[in-house]
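Welcome! Here is a short tour of a protein, written for someone meeting it here for the opening time.

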Amino acid sequence: MMDFQNITVIVNPAAANGNGHIEWLRLQAHFEETFADRDITVIETESREHTVLVGKTAEADLLITFAGDGGVSDVAQGMMARPQEDRPCLAVVPLGSGNDFAKALGIPMNPWLAISRLPRGDRSLIDIGCVNDRYFLNTLSFGIDAIIADRTTELRRNTRRRGFMLYAQAAVMSIFTDRKSNLYKMTIDGKYLERNLLICAVQNGPYYGGGFKISPRALLDDGFLNICMAKNTSAPAALYYMTRIAQGTHESLKIIETDKASRLSFDFVSPIVAQCDGEKIEGELIDENTWHFDVKLIPQALEVVSMR
């Protein structure tokens, strides 16, 4: 990637539990030394809307995001508004709680090390998901998965902690307080299914929740979204299954069903909690009692820096 000359650095001050600005100042000298012969512009974003706008308008060969999954996803929203030939390359220095997209790219979780290795990274094209006209880089999930993601955000805000164990705490709390199945009416590449499910995750990459390997065979560039579904069960059993999911050894369990597709839809007879890349989303109300999610894969949509 040494041929990039114009680099825009996008710093999310809300990352690192609100310490994104401080983290950037700590890393700035190392970054400027690493890219000493490049034309560098630094933008600290002021809001999610501002982040999207920067992704849409920044004049650069390479956008380097100092952010977590949500901030990187916001940049991608803006980038996808451009014609494909006008989209810069995207790189990530992880500053978030989960950093699951960075993990899928093979980026070191240590920001200092990530900066050091960026010049030796590989350029590659990845697929991107889209749900009801909102793009997602890594994950889309419904029901208890989305409740856990929302609770993780709340716990992070209240405790200032982050990472795998924070998600695990949110998962335990949600399993005991919010465990219920929902009726999914699904179309998976033209195949109609109905399932009562506790868990339903649609993955572009293998990880969610700060390292839970929900779709261990998922690849960002394989032309498919991977679906992991699980039926409801008792709280102790659900906790056991979560430990298997954390290790990526759950797909052989009878309670688990997996599939993959490039086009999906979900319909629900009542509102359901949903999230993509850690942000809450809502279904489209298509009649008085049907909430609809239309999901598709856009192949080879974004060029990224990876270290896999």
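## Buried or exposed

Buried means under 20% relative accessible area, exposed means over 50%, and partly exposed lies in between (1.4 Å probe, protein chains only). By that rule Asp-277 is buried, because its relative accessible area is 5%. Buried residues make up 56% of the 308 residues in the protein chain.

Before going further, a word on the model: it is predicted, so local features need pLDDT of at least 70 and side-chain atom pairs count only at pLDDT 80 or more, while totals for chains, interfaces and linings use all residues. Residues are numbered from 1 along each chain as its sequence is written, and side-chain values use heavy atoms, with hydrogens and water left out.

## The overall picture

The protein chain has 9 helices and 17 strands; helices (H or I, at least four residues) and strands (E, at least two) are DSSP runs, numbered from the N terminus. Its C-alpha atoms fill a box of roughly 55 × 40 × 35 Å, taken along the principal axes. The radius of gyration is 19 Å, which agrees with the value near 19 Å for a compact globule of 308 residues. This radius is taken over C-alpha atoms, and the globule rule is 2.2 Å times the number of residues to the power 0.38.

Contact means heavy atoms within 4.5 Å. Of the contacts in the protein chain with a separation of 6 or more, 74% are accounted for by residues 24 or more positions apart.

Which residues have the most contacts inside the largest nonpolar core? They are Phe-31, Ile-64, Phe-66 and Phe-101, in a core of 48 residues. A nonpolar core is a set of buried Ala, Val, Leu, Ile, Met, Phe, Trp, Tyr and Cys residues joined through side-chain atoms within 4.5 Å. Leaving aside residues up to four places away in sequence, Phe-31 touches Ile-7, Val-9, Trp-24, Ile-40, Ile-64, Phe-66 and Ile-115. A second, separate core of 25 residues includes Phe-136, Phe-268, Ile-272 and Ala-274.

In soluble globular proteins, nonpolar side chains tend to be buried together.

## Two residues with positive phi

Most residues other than glycine have a negative phi. Asp-277, in the loop between β14 (274-276) and β15 (279-281), has a positive phi of about 50 degrees. Asn-132 also has a positive phi, near 50 degrees, and is found in the loop between β5 (122-131) and β6 (134-136). Asn-132 counts as partly exposed because its relative accessibility is 25%.

Asn-132 is one of the residues touched by Asp-294, along with Cys-130, Val-131, Arg-263, Leu-264 and Ser-265, not counting residues up to four places away in sequence. Asp-294 sits in strand β17 (residues 290-306) and is partly exposed, with a relative accessible area of 25%. Its C-alpha atom is 8.8 Å from that of Glu-284, 10 residues apart along the chain.

Where is Lys-56? Lys-56 is in helix α3 (residues 48-57), and at 45% relative accessibility it counts as partly exposed. Not counting residues up to four places away in sequence, Lys-56 touches Gly-78, Met-79, Ala-81 and Arg-82.

Thr-177 belongs to helix α8 (residues 164-177) and is exposed, with a relative accessible area of 55%. The C-alpha atoms of Thr-177 and Ala-235 are separated by 9.4 Å, although the two are 58 residues apart along the chain.
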